[in-house]
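Student: Please take a single part of this model and go through it closely. I would also like to know how that part sits in its surroundings.

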Amino acid sequence: MSALLSVEGLTVDLAVPAGTLHAVRDVSFEVARGETLCVVGESGCGKSMTALALMGLLPRNARRRARRLVFDGVDLAAASPARTNALRGAKLSMIFQEPMTALNPAYTIGNQLCEVYRRHKGGSRAAARERAAFLLGKVGIAAAGERLGQYPHQLSGGLRQRVMIAMALMCGPSLIVADEPTTALDVTIQAQILKLLKDLQAEFGMALVLITHDLGVVARIADRVAVMYAGEVVERGTAAQVFAAPRHPYTAGLIDCIPVPGRTKPGERLGAIPGTVPALVGTIEGCAFRQRCAFAQPACASAPPVHADAGHEWACVRGAA
Amino acid sequence: MSALMQVEGVHRAFSVSRGLFARKRTLHAVNGIDLEIEKGEVLGIVGESGCGKSTLARILLGLIPASAGRIALSGTDLRGLDRRVLAARVQPVFQDPYGSLNPRKRIASIVALPLAVHGMGDRTEQRRRAIEMLERVGLPARLADNYPGQLSGGQRQRVAIARALVMRPEIVICDEPTSALDVSVQSQILNLLMDLRQEFGLTYVFISHNLAVVEHIATRVAVMYLGRVVELAPAAEIFARPRHPYTQALLASVLTPEPGKGLPDTHLGLAFPDPLDPPPGCGFNPRCAYARAVCRERVPAFSEDGPAKAACHAYDPTFGKEFA
Amino acid sequence: MDAALPSRSSVLRSRILGHAGLMTGLVLLAAALVCAIFAPLLSPHDPYFQDLSARLVPPVWHPRGDWLHPLGTDNLGRDYLSRTIYGARVSLLIGLSVMVVSGLIGTAMGLAAGYFGGRTDMVVSFVVTARLAMPVVLVALAVVALVGGSLVVVIAVLGLLKWDRFAVVMRAATQQARAQDYVAAAKATGASTFRVLLGEVLPNILPQLVVVATLEMASAILLEAALSFLGLGVQPPLPSWGLMVSEAKAYMFFSFWMIAIPGTALGLLVLAINLVGDGIRDVAAPEGRA
């Protein structure tokens, strides 16, 4: 079966005062129907720009190019803005990090949920309200009828994010792109929201692209993982492959950095990646990680080869161990 | 045995205005906290947003006064203590390395500020000590004349640490020092904090919402919920056997990078309490799966259970049997 | 990060040079300042000297004009170019003095209200509201009627009345800065309130202060012109642009330049000051935190 979303050679360049910032560099991945792909990386690695590029929501100073960008049989790279608009919100929805800014404070929750539905599906106000109440119940909000008349500021952060999820589900999308959906939330709420997302995904058969910096979230929710560094995907594979046997030194370093109760010994030094992320302005040659890499060698100055092993791919001069 | 810092029955209330004509309401940000901070320990304080942990940090730093209760530093009440004496012994590291450094001052002068305030040495001496401390926290001396805007998040947090340590304090209050940082930078900062603790014999109060980080660095942990400490225990004990249902939920919510474990079920309800209108009895009862009638009526007191203390009726000898 | 960072001063220089509005404003303002400071050297004639045989001479571009009086003369035969050059002195002196006086009062009040909050804030806010209820022109009129008009009286009246915007803006800016952790960190070092205000808060609200100061300076210059036009500001024969317009109004249909020249000078000066204010606000934003 062909993939639901197929991205090949996605590049996003931003015009900044200092020149051209290569935010996303030749990124490729595929998402099958119903599966969860986590895009993970640190700030500035291009993961959010990748999400916005998929949605066609890039800022004005950005330019998107792709060899292939096909969603559900529609070529997004060639689609007109009107076509993209029609897809967005209907077949392709997005959940943002900060639900308070993503919801319009001037309208009730009911209005906002119904508007999305009626814009894409038409139908009566009553039908839209019924769907909204049904989905609020699905995302675990009790007394849904009453909540529909409330404004975003009357809800807690966790409830707002549930409303955002309900809004994303209104038109029965086949893919949800979630950009750091739980980063602004408390840890106990985060676990609840992720579980909700996972359950709903199974129930409605949606695919999920989850953008996050949190490897813990990735490990628990992802089917497949793409690790980004300096605008590139440096490693991808199933969650089990990437966490059990990380091949790219960056992925391995990142996993070593996290304290894990029961695994890392309290008080012991944690793994660390020296240095900082390189600037992405101007031309970048060779492996962008080589200045921070313990295994760097002269060959790293030219573009690293991509190794593959049973669907596990990594871009590094070092092959299989 | 006398503790380095003693916190007894500390309260802090804020009055919150909700519009021009609405009645002012009182937010009990910190609602009766007793703690002892022992020399050389790392006291972790864990809790979620709105639990009062940052307010507590500011009270310990003397930045805001407690509404009630007493805080003593080596037996001396903070109220009778000169602010500078307190400042020389207790220093902060804040969460946001972008907000905690004055964007209009050079790095060296930011780090030297405590020395300037306390009139320690002349300007060249202050600068020399600031640069020495910058190098100690892993920053090159050539950054001394840069502005904070030219540094990365991790470098800024190192500057904040250098400023906190330049006067050689005894206690450092770290309020979410790594929450705003990337993981790879977080581990660098945690390693640095652990090294510096050894080198300078520091005592840390380490405030975080991240239980995994606290587990790694703390020797003792206090779990806070709605302005109160609900559990207090040695770090190893809290992770091996959490007593309070809230601690259990918090621990279950830690997402470790272990694929295959799936997402935890925290058994928590959706009824997140309004801090302005906390539920009667135990503040956690609306979300607690084990709540009984008594939990909705009485505020639980601390009950000892082995090396741990938990403010939960389930561990109270009088009410404990109701939970069996 | 290890790459050499551009020095702050060079960044600032390129930002200033690249800002067209700021550069235009600076050039115009510099010209006005040069006129004001070197008025005796630049003026071809004594601005007070009356030559009744050469009254209402038109400017040089007029068929009846000549190079002796490049901008012509007024109804008393005084050289108009010289009076215009000297007029810059009055305008800038009043603008700067009023800005300093009202700036000191308003900034002190705004800092106190924003930093301490609570009761101080309530008192300051009340005083600001009370002040806003007083019409500047009417109060100035009453004062001038009582003590007579002069340069000092105009400066005093405007300076003591026009601090309201300083107070309001500085209060809001201080409230914002006070909430920052670097203020908390400075307090935690044991620094005195004075030190925190001057060393930590003030440098960060300076851009807003500069913007308000320029706006207030421009507005003071316009108010002085208005008061002088009404005969309530500086008194003749002092060459003030407002006064010149007032004196010219009787001749406006026959000798249009008499109104146009001081009016243009006034307009250009106010424009220059506002351009500089806006430019500084754009240029002074701290780096990072994009």
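Tutor: What follows is about the open sheet of chain B, with some remarks on the other chains at the end.

This is a predicted model, in which local features need a pLDDT of at least 70 and side-chain atom pairs count only at pLDDT 80 or more, while totals for chains, interfaces and linings use all residues; pLDDT is the predictor's confidence in each residue, from 0 to 100. Residues are numbered from 1 along each chain as its sequence is written, and chains are lettered from A and ligands numbered from 1 in the order in which they are written.

Chain B has ten helices and twelve strands, where helices (H or I, at least four residues) and strands (E, at least two) are DSSP runs numbered from the N terminus. Its radius of gyration is 21 Å, close to the 20 Å that the globule rule gives for 324 residues, so chain B is as compact as a globular protein of that length. The radius is taken over C-alpha atoms, and the rule is 2.2 Å times the number of residues to the power 0.38.

Axes are lines fitted to C-alpha atoms, for helices over the stretch in contact, and angles run from 0 to 180 degrees between N-to-C directions.

Strand S10 (residues 228-234) and strand S12 (residues 308-310) of chain B run antiparallel and are joined by two bridges. Opposite B:Glu231 stands B:Ala310 in S12(B). Helix H9 (residues 245-253) of chain B packs on the sheet and touches strands S3 (42-46), S9 (220-225) and S10 of chain B; the direction of H9 makes about 105° with that of S9(B). Contact means that the C-beta atoms of two residues, placed from the backbone, lie within 7 Å. Helix H5 (residues 153-165) of chain B lies across S6 and strand S7 (171-175) of chain B and runs at about 175° to S6(B).

In strand S8 (residues 175-179) of chain A, five of the five residues are buried. A:Leu175, A:Val177 and A:Asp179 point one way from S8(A), and A:Ile176 and A:Ala178 the other way. In a regular strand the side chains alternate between the two faces of the sheet.

Chain C contains twelve helices and zero strands. Its average pLDDT is 86, and 95% of its residues score at least 70. Residues 1-5 of chain C have a pLDDT below 50, and beyond near neighbours in sequence this stretch has four contacts in the model. For the complex, the predictor gives an ipTM of 0.86 and a pTM of 0.86.

Terms used:
Two strands pair if DSSP finds at least two bridges between them. A residue is buried if 20 or more other C-beta atoms lie within 10 Å of its own, exposed if 12 or fewer, and partly exposed in between; C-beta atoms are placed from the backbone.
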